[in-house]
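My notebook is open, and I am looking up how side chains meet in this structure. Here is what I wrote down as I went.

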Amino acid sequence: MRVTEMRASHLDALAAIERACFAEPWSADALREELGRGIFLTAEADGAAVGYVGCQTVLDEGYITNVAVSPGFRRRGAARALLAELETRAWAQELSFVTLEVRASNDAAIALYTGAGYVPVGRRKNFYRAPVEDAVLMTLFLREPEGQV
Ligand SMILES: CC(C)(COP(=O)(O)OP(=O)(O)OC[C@H]1O[C@@H](n2cnc3c(N)ncnc32)[C@H](O)[C@@H]1OP(=O)(O)O)[C@@H](O)C(=O)NCCC(=O)NCCS
């Protein structure tokens, strides 16, 4: 397994993973819009895309759009490797933090993010649809907020 930048050749496989994972999946065209922007990384196994992480960046802030791993490739460290490479690149780009929303019932993802150093920082009521559910906000702090010591 290796982690590389997301490329056009990954998009169809990643859109299929999106459909397998989410009620409102991103399409290949939506993913194509992100090529060369932010920090979008693909996990490849035997040359095939098996998962990805997307992180949009604005100034020194990172916003994870999605993390998804093919159902047949879970629990083999792909998501952990994707988040580790994302963190390396976030440091290199001098981001102050990387943040995300996760369904409150998504124990697997919350365990993944907690293990990667993300901490809960808030909750958005009824943030998700299909089904309606709260979002937990989790953030990986890379630099102390201004004014704090
Ligand atoms: C969440 C998800 C990305 C994890 O991907 P993965 O490649 O299987 O995760 P990893 O193998 O890298 O696991 C890393 C750690 O995350 C946690 N974790 C992952 N899956 C878990 C599960 N089903 N239950 C509990 N903890 C889990 C564990 O702490 C795990 O470490 P361990 O295997 O040493 O115990 C994957 O289950 C997925 O695609 N889910 C559907 C999409 C989704 O919910 N994305 C998150 C949206 S915010």
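I looked at R76 and found its charged end over the ring of F73, 4.2 Å from the ring centre. For this I count NZ of Lys or CZ of Arg within 6 Å of the ring centre and within 35 degrees of the ring normal.

A note on my source: this is a predicted model, where local features need pLDDT of at least 70, side-chain atom pairs count only at pLDDT 80 or more, and totals for chains, interfaces and linings use all residues. Residues are numbered from 1 along each chain as its sequence is written, and side-chain values use heavy atoms, with hydrogens and water left out.

Next I searched the whole structure for aromatic pairs and got three. Rings of Phe, Tyr and Trp (its six-membered ring) pair if their centres lie within 6.5 Å; planes under 30 degrees apart are stacked, over 60 edge-to-face, and the rest tilted. Y63 and F97 are edge-to-face, with 6.2 Å between centres and 85° between planes. Y63 lies in strand β4 and F97 in strand β5 (residues 97–103), so this pair ties together parts 34 residues apart in sequence. Strands (E, at least two residues) and helices (H or I, at least four) are DSSP runs, numbered from the N terminus.

Y113 and Y118 make a tilted pair, 5.8 Å centre to centre and 55° between the planes. Are Y113 and Y118 buried or exposed? Both are buried, where buried means under 20% relative accessible area, exposed over 50%, and partly exposed in between (1.4 Å probe, protein chains only). Y63 is partly exposed, at 33%.

Last came salt bridges (a side-chain nitrogen of Lys or Arg within 4 Å of a carboxyl oxygen of Asp or Glu). I counted ten. E44 meets R2 at 3.0 Å, N to O; E44 is in strand β2 and R2 in strand β1 (residues 2–5), so the pair ties together parts 42 residues apart in sequence. E44 is buried at 6%, while R2 is partly exposed at 47%. I also found R2, R7 and E44 linked in a network of salt bridges.
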